[in-house]
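This briefing covers the fold, the surface and the salt bridges of one protein. The sequence and structure come first, and the points follow by topic.

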Amino acid sequence: MSESEKKGLLAYLGDPAVRHPYVDSTIRQVLARKIKALRDARGYDQETVGRLAGGMSQSSISRLEDPNYGKMTLKTLKRLAQAFDVALLVDFVRFGELVDRTIDRVEADFAPLSY
């Protein structure tokens, strides 16, 4: 994304009625993409991730990989982090930082290595 496009997006996000749904959608999309990327990077199928995450069903993992699914809990995310042997970071950031962290990412950005 060019710097002018980024500025345009940030201006668009100046309206809270737009900003908050954008953040919700971005969080869902990024988390779903990260879960899928982590699973693929480790060569796991959904059933394996479910087992490693403490007995979650394959269909539960499938839902978590769906960017339209919006009912992830912190407890579930911690279970997934353990399954993938990565840390989970939950943070409050300014909206511009969210944009910086989520635009122009490549698949490798979504699957950190384990310890």
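Helices here are DSSP runs of H or I with at least four residues, numbered from the N terminus, and strands are runs of E with at least two. On that basis the order of elements along the sequence is α-α-α-α-α-α. The model is a predicted one. It contains six helices and zero strands, and a search of the whole structure gives seven salt bridges.

**Overall form**

- Along the principal axes, the C-alpha atoms occupy a box of roughly 45 × 25 × 20 Å.
- The protein has 115 residues, of which 31% are buried.
- Of the contacts between residues at least 6 apart in sequence, 69% connect residues at least 24 apart.

**Surface and charge**

**Salt bridges around aspartate 40**

- Aspartate 40 pairs with lysine 36 in a salt bridge, with an N to O distance of 2.6 Å.
- Both residues belong to helix 2, which spans residues 16-42. Aspartate 40 and lysine 36 are about one helical turn apart because four residues separate their positions in that helix.
- Aspartate 40 is partly exposed, at a relative accessible area of 41%. Lysine 36 is also partly exposed, at 34%.
- Aspartate 40 takes part in a salt bridge with arginine 39 as well, where the closest N and O atoms are 4.0 Å apart.
- Arginine 39 has a relative accessible area of 10%, so this residue counts as buried.
- A network of salt bridges links Lys36, Arg39, Asp40 and Glu65.

- Arginine 101 and glutamate 97 form a salt bridge whose closest N and O atoms are 2.8 Å apart.
- Helix 6 covers residues 95-102, and arginine 101 and glutamate 97 are four residues apart within it, which means a separation of about one helical turn.
- Arginine 101 is partly exposed, with a relative accessible area of 40%.
- Glutamate 97 is likewise partly exposed, with a relative accessible area of 25%.

Notes:
Residues are numbered from 1 along each chain as its sequence is written. This is a predicted model: local features need pLDDT of at least 70, side-chain atom pairs count only at pLDDT 80 or more; totals for chains, interfaces and linings use all residues. Side-chain values use heavy atoms; hydrogens and water are left out. A salt bridge is a side-chain nitrogen of Lys or Arg within 4 Å of a carboxyl oxygen of Asp or Glu. Buried means under 20% relative accessible area, exposed over 50%, partly exposed in between (1.4 Å probe, protein chains only). Contact means heavy atoms within 4.5 Å.
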